[in-house]
Amino acid sequence: MKAITITEPGGPEVLTWSTVPDPVPGPGEVLIDVTASAVNRADLLQRQGHYDPPPGASQYPGLECSGHVAALGEGAHGWEVGQPVCALLSGGGYAEKVAVPAGQVLPVPDGVSVANAAALPEAAATVWSNLFMGGGTATSSNLFMCAGLRPAETVLIHGGASGIGTMAIQLAKAVGATVAVTAGSRERLERCAELGADILVDHREQDFVEEVRRATGGAGADVILDIIGASYLDRNVRALAMNGRLVVIGLQGGAKAELNIGALLVKRGTVSATSLRGRPADEKAAIVAAVREHVWPLVAAGRVRVVVDRAVPMWDAGVGHSVLEEGGHVGKVLLTV
């Protein structure tokens, strides 16, 4: 088969469409003939040599894919050869075939093409595992896992036009939250508004702390979902409401910053940081099961839609990486086989 390999750490030009051995599904695994994958920030970091795959994972980039079941490993139940599926991966999505634990496979939602389904697993699982709690319906107040976001609360989503951001906007609106977003242009903010965002902040020209406070009558954001990290830490704490919860899921603005514990204490606030890729398989399976139960019905009903900026051939994956690095995209960039 063919797969994207990384010849050495570097820019998009180090991504090479190479002939490699076919994967073989192990016990409890599903082999997928890949139709499409999607570009994620973690893929860019891996290409640059800053984010190695977890032990035992494929060395090829790609944290999600869609396609059709090609074969089942021993003990892999619940799937049929030929069935259209998508999957959350620890790596290996940039390839013609990939083997994945059966618990991380999802059916393609009703109303979504097989190719576009590649845009869903990583974003849905990341947003759900950081904002949403299992054990409830998509309209209950008991569905948030990490941040505990509840209906009628305000959530600030940094990078609202990203793949994560466009998913988070829609899921938060589906449960009745007020959504504030930051983005780097009025055009991208307008796309966020089309998805349901209520408070729009151009981070190039506006202070998100002031804008969120003004829009909430001085209260601030109950929950902040942050992809930036260090450079936003102080302002994120200042933007929090009383009992506010900050969840950091990315480090685009650096990994080290000074935390004003006094400011956090006064607000009775919390800061948590999580990643998805390195979680144990059983935790990933639990998250995927929750996504299937709570998010997939919203997708099938059209309340959460797939947002794809563009699709490029997988053999030209460097182009997809360049799109993310340049910014300006809205939603996911797909790589199609």
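Lys332 is buried, with a relative accessible area of 4% (buried means under 20% relative accessible area, exposed over 50% and partly exposed in between, with a 1.4 Å probe and protein chains only). The model is predicted, so local features need pLDDT of at least 70 and side-chain atom pairs count only at pLDDT 80 or more, while totals for chains, interfaces and linings use all residues. Residues are numbered from 1 along each chain as its sequence is written, and side-chain values use heavy atoms, with hydrogens and water left out. The structure holds 13 salt bridges (a side-chain nitrogen of Lys or Arg within 4 Å of a carboxyl oxygen of Asp or Glu).

**Glu64 and Lys332**

- A salt bridge joins the side chains of Glu64 and Lys332, at 2.7 Å from N to O.
- Because Glu64 belongs to strand E4 (residues 64–72) and Lys332 to strand E15 (residues 332–336), the pair ties together parts that are 268 residues apart in sequence (helices, H or I, of at least four residues and strands, E, of at least two are DSSP runs, numbered from the N terminus).
- Glu64 counts as buried, at 0% relative accessibility.
- A network of salt bridges links Glu64, Glu122 and Lys332.

**Arg245 and Glu153**

- The side chains of Arg245 and Glu153 form a salt bridge of 2.8 Å, N to O.
- This pair links distant parts of the chain, 92 residues apart: Arg245 is in strand E12 (residues 240–248), and Glu153 is in the loop between helix H2 (121–131) and strand E8 (154–157).
- Both Arg245 and Glu153 are buried.

**Arg204 and Asp202**

- Arg204 and Asp202 meet through their side chains in a salt bridge, 2.9 Å from N to O.
- Asp202 has a relative accessible area of 1% and is buried.
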